[in-house]
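Please go through the report below with the model open beside it. It covers sheets, helices, a pocket and a few single residues.

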Amino acid sequence: MQNKILVIDDNQDVIKALKLLFLLNDIDCDGATSPEQGLDMLNSQAYDLVIQDMNFSQDTTSGAEGQTLYQAIRSLNPDLPIILLTAWANLETAVALIKDGAADYLEKPWREEKLLKSVNQLLEIYRLEKAQFQQQTQARNRANKLAEQFDLVGLIYADPAMLNLLEIATQVAHSDAPVLITGPNGAGKEKIAEVIVANSAYRSNAFIKVNAGALPADLIEAELFGVVGGAYTGATKSRIGRFEAADGGTLFLDEIGNLPLSGQQKLLRVLQTGEFEPVGSSQTKKVNVRVLSATNANLSNAIAQGTFREDLYYRLNMIELKLPALMERPDDIIPLANHFIEDNKQLSSGAVNALKRHTWPGNVRELQNVIGRAQLLAKSDLIEASDLGLKTKPANSATNTELSAQDIQNALSSHQGNVTHAAKSLGLSRQAMYRRMDKFGIAR
């Protein structure tokens, strides 16, 4: 779509000259000879940039008319880029309006090369900002629709990466298919499991959680499948296992990658047939359980090393939900931090910046601990950056390690092509992100 500029200047020759200049550079341009006409045109048509004169009366050189017009345009569209054009160099006026948000300030007669460069840069920035705003609006609409249709069990999120994940999680929740949730420790895998259960046919039935990584290897089978009294030393009485306790409901197996091979074999049988035998018993029991599992381990590597069964992996992995680390969903950081803060405290701007810069190797769990500690150390209701106790190094090793084309592509894919969010996740500015995209030939 062709860009469109509005020039507001009482000199017809100026309008004609700029129209010709922009026509030769494939930019559509309209002209208005008074502030009133210009405002009427802005009310009735969409423009991507305004070039406005600062003085409209022959005996006026103060720039006051231009300031009034500028403020009127701002009230109509706060984001529209505006270039100020005047024959009278007034640095004080220029500084004031630039601080207020004017995009550029050029003197008459203008240098065509400089004007075109400024115009093209501003048009590109405005195009990107409009696209980003549209994406954010679409994401908000999707998030609102999701919240209306499903129970998100109080999950706090704002990042597009989490929105994408939740849309898939709620979509598969109604089925009986096993779901494998992968992601780093502390990222919130159990919370995703709760969302699935809350929107499943099993939501009113038992929801049993087992941390396989916290159980001694010799007790895992007894915990999962039950044990008959006297089956081994210490087993003084019979007790049911987690599968039997979850019969008719859902069993969540966290840290599934730590399950020993013997337990994996029995788990595979349960998933295939719904049948198992308690430890020390030859009696077969049958259950109907929906299994959700989670791991921070790379199960493909575990299969290659012979520590995890490939057939079990495919049974668990009918649907895989990949939960990003907290730094891969940067828009979640501040909403989560505010959620963890008590009602009578708030974050200072310095604290907000420090939270955004941190790498969060411990993910959401680390963030919760940091906020809890800061609330205890804060000397007032305002939490300062110093209260957080975070190191001040850059948020991502991108400053120390050269990013590959795949790194850039992965970040863009995770954020549905949103350059701003992808750049944040890599610890880059938007401009630095564009430079790397150009370097690797990645389309904008």
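Helices (H or I, at least four residues) and strands (E, at least two) are DSSP runs, numbered from the N terminus. This is a predicted model, in which local features need pLDDT of at least 70 and side-chain atom pairs count only at pLDDT 80 or more, while totals for chains, interfaces and linings use all residues. Residues are numbered from 1 along each chain as its sequence is written, and side-chain values use heavy atoms, with hydrogens and water left out.

## Largest pocket

A pocket is defined on a 1 Å grid over the protein atoms alone, as an open set of points with protein on both sides within 12 Å along at least five of seven lines; a 1.4 Å probe fits at a cavity point but cannot get out, and lining residues have an atom within 4 Å of a point. Grid points are joined across faces, edges and corners, and a volume is the space filled by probe spheres set on the points. The largest pocket holds about 500 Å³ of space. Its lining has 22 residues, and Gly186, Ala187, Gly188, Lys191 and Val364 lie nearest the centre. Helix 7 (189-198), helix 13 (333-340) and helix 15 (363-377) are the elements that give two or more residues to this lining.

Which helix supplies the largest share of the lining? Helix 7 does, with 4 residues. By class, the lining of the largest pocket splits into 9 nonpolar, 6 polar and 7 charged residues. Here Ala, Val, Leu, Ile, Met, Phe, Trp, Tyr, Cys and Pro count as nonpolar, Asp, Glu, Lys and Arg as charged, and the others, Gly among them, as polar.

## Sheet 2-1-3-4-5

An open sheet is built from 5 strands in the order 2-1-3-4-5, with parallel pairing. Two strands pair if DSSP finds at least two bridges between them. Strand 2 (28-32) and strand 5 (104-107) are at the edges with a single partner strand each, so one side of each has no neighbour in the sheet. From one strand to the next, the twist averages 20 degrees. Axes are lines fitted to C-alpha atoms, for helices over the stretch in contact, and angles run from 0 to 180 degrees between N-to-C directions.

Strand 3 (residues 49-53) runs parallel to strand 4 (residues 82-86), and 4 bridges join them. Val50 has Ile82 as its bridge partner in strand 4. Helix 5 (residues 112-149) packs on the sheet and touches strand 1, strand 3, strand 4 and strand 5. The direction of helix 5 makes about 140 degrees with that of strand 3. Helix 1 (residues 12-23) lies across strand 1 (4-8), strand 2, strand 3 and strand 4. Helix 1 runs at about 175 degrees to strand 2.

## Sheet 7-8-11-6-12

Another open sheet has 5 strands in the order 7-8-11-6-12, and the pairing is parallel. Strand 7 (207-211) and strand 12 (319-322) are the edge strands, each pairing on one side only. Neighbouring strands of this sheet are turned by 15 degrees against each other on average, direction ignored. Strand 6 (residues 179-182) and strand 11 (residues 290-295) run parallel and are joined by 4 bridges. Ile181 has Ala294 as its bridge partner in strand 11. Helix 6 (residues 160-172) lies across strand 6, strand 11 and strand 12, at about 155 degrees to strand 12.

In a regular strand the side chains alternate between the two faces of the sheet. In strand 8 (residues 250-254), 5 of 5 residues are buried. Buried means under 20% relative accessible area, exposed over 50%, and partly exposed in between (1.4 Å probe, protein chains only). Thr250, Phe252 and Asp254 point one way from strand 8, while Leu251 and Leu253 point the other way. Strand 7 runs parallel to strand 8, with 5 bridges joining them. Lys209 stands opposite Phe252. Strand 8 also pairs with strand 11 in the parallel sense, over 4 bridges. There, Leu251 stands opposite Val291.

## Single residues

Leu146 lies in helix 5. Leu146 counts as buried because its relative accessibility is 5%. Leaving out residues up to four places away in sequence, Leu146 touches Leu152, Tyr157, Leu163, Leu166, Glu167 and Thr170. Contact means heavy atoms within 4.5 Å. Leu146 and Leu163 are 17 residues apart in sequence and 8.8 Å apart in space, C-alpha to C-alpha.

In helix 19 (residues 430-440), the buried residues include Ala432, Met433 and Tyr434. Gly441 follows helix 19 and has a positive phi, near 70 degrees.
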